[in-house]
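Have the viewer open as you read.

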Amino acid sequence: MSKLFSAIKIRDLEIKNRLWVSPMCMYSCENQVGVVGDWHLVHLGARAICGAGLVMSEATGINPEGRISPWCPGIWNSEQVEAWSRITKFISASGSVPAIQLAHAGRKGSTFRAWSGSGSVPLDQGGWETYSASAKTFEGYQAPRELELSELSVLIADFKAAARNALDAGFEVIEIHAAHGYLLHQFLSPLSNERTDEYGGSLENRARLLLEVVRAVREEIGNTPLLVRFSATDYIPGGWDQEQTNQVAAWAFEAGADLFDISSGGLVAGAKIPTGPGYQVPLSESVHQASSAPTSAVGQITDAAQAEAVLQSGDVEVVMMGRQLLRDPYFPLRAAHELGDEVSWPVQYERGKWPTA
Ligand SMILES: Cc1cc2nc3c(=O)[nH]c(=O)nc-3n(C[C@H](O)[C@H](O)[C@H](O)COP(=O)(O)O)c2cc1C
């Protein structure tokens with residue numbers, strides 16, 4: 001049996017394999033009130049029936065301003081919870097695990113989706129005023145205002161309430177999005193955080209909001225597995241980097257996180273990112289080595305043998321895939337066949353199983 005298709009246990013939850021669907025924005029809540037619909041059911045459902053061990057939702061706003069665009073989903077009200085429930089039921093019934101990425105976009109919110117425009121959506125077209133750690137603009141977007149100290153407890157409460165809603169909606173794993181230049185990353189990085197209060201300056205202070213969110217969410221979700229996605233580096237001298245990620249991951253592990261999902265970049269437009277096959281694997285390995293927490297790797301992992309080799313290195317426990325699963329939702333079934341593993345297919349698809357008669 002390959003490691004890719006062997007089960008993994010996080011707290012009390014057993015997940016059937018280590019090939020997971022990475023969160024991917026669909027910008028497809030046409031209602032613009034954050035309620036998921038048929039697109040999300042078919043998109044996420046297809047990947048669940050095709051053998052991924054865990055299917056992660058796209059970045060989902062913890063409050064209205066937490067969305068990246070007016071077309072992004074939310075999990076702050078009961079209508080959204082009900083809509084998500086239909087999807088989580090389908091994912092669970094397919095033998096996969098429904099997971100949600102809880103997110104706040106901060107200064108990278110209120111933007112157009114690629115096929116509707118570019119830059120910030122004006123207020124009279126459904127956009128909103130953004131806020132961030134400091135009043136520092138992301139290139140090409142509107143200027144955010146700096147969050148007041150008194151507003152931070154409201155944000156933490158919003159994360160906590162969103163986590164409760166996620167459980168009510170049937171999600172079995174929760175991920176906090178602290179990567180890709182979104183709000184929690186805006187607090188972590190010295191390039192976007194110029195605060196002079198206890199949430200800015202030293203690493204302890206910049207990490208404070210994230211750690212408070214982790215503790216608050218853990219308190220709310222009991223024994224449910226909790227992941228944190230980090231960008232391990234801003235790829236800019238003087239910015240957020242691997243060493244800081246490793247330290248904050250160790251603190252977050254103590255605070256109640258279970259696994260770190262390691263990505264990179266996104267804080268600064270135009271940063272030079274050295275992409276290539278598996279380019280973020282060493283970043284994930286480093287977090288595991290420093291924090292001793294289990295980690296996942298993502299980024300240009302596209303075939304079965306490559307994914308298995310990443311896991312066999314011993315420092316990464318899970319592989320997430322994004323674009324490969326957009327190209328080919330059936331990839332997990334194909335990968336199992338290539339690695340010689342016997343995995344169950346949906347009964348409806350059994351007649352398509354290799355070897356063909
Ligand atoms: C269409 C699309 C949407 C994405 N949306 C998100 C998102 O909502 N949250 C997130 O953390 N990453 C997002 N990502 C990044 C992916 O999760 C993944 O980390 C990245 O694509 C690299 O993996 P890959 O090479 O397997 O695609 C998105 C990527 C794509 C292609």
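Two strands count as paired here if DSSP finds at least two bridges between them. With that in hand, look at β4 and β5 in this predicted model: the two strands run parallel and are joined by six bridges. Along that pairing, Met56 sits opposite Ala99 in β5.

Now zoom out. Where does this pair belong? It is part of a barrel that eight strands close, in the order β3-β4-β5-β8-β9-β10-β11-β12, with parallel pairing. From one strand to the next, the twist averages 30°.

Next, the helices. α3 lies across β5 and β8, running at about 160° to β5. The α3 helix also packs against α5, at an angle of about 35° and with the axes 9 Å apart. That crossing is right-handed. On the α3 side the contact includes Leu152, Ile156 and Phe159, and these belong to a set that meets α5 residues, among them Leu209, Val213 and Val217. By type, the contact residues divide into 10 nonpolar, no polar and four charged.

Here are the elements just mentioned, with their residue ranges:

| Element | Range |
|---|---|
| strand β4 | residues 54-61 |
| strand β5 | residues 97-103 |
| helix α3 | residues 149-168 |
| strand β8 | residues 173-178 |
| helix α5 | residues 203-221 |

As for the whole protein, it has 10 helices and 12 strands. The radius of gyration is 19 Å, close to the 21 Å that the globule rule gives for 357 residues, so the protein is as compact as a globular protein of that length. Of those 357 residues, 50% count as buried. The C-alpha trace spans about 65 × 45 × 40 Å along its principal axes.

Methods. Residues are numbered from 1 along each chain as its sequence is written. This is a predicted model: local features need pLDDT of at least 70, side-chain atom pairs count only at pLDDT 80 or more; totals for chains, interfaces and linings use all residues. Axes are lines fitted to C-alpha atoms, for helices over the stretch in contact, and angles run from 0 to 180 degrees between N-to-C directions. Helices (H or I, at least four residues) and strands (E, at least two) are DSSP runs, numbered from the N terminus. A crossing is left-handed if the near helix is turned anticlockwise from the far one by less than a right angle, and right-handed if clockwise. Two residues are in contact if their C-beta atoms, placed from the backbone, lie within 7 Å. Ala, Val, Leu, Ile, Met, Phe, Trp, Tyr, Cys and Pro count as nonpolar, Asp, Glu, Lys and Arg as charged, and the others, Gly among them, as polar. The radius of gyration is taken over C-alpha atoms; the globule rule is 2.2 Å times the number of residues to the power 0.38. A residue is buried if 20 or more other C-beta atoms lie within 10 Å of its own, exposed if 12 or fewer, and partly exposed in between; C-beta atoms are placed from the backbone.
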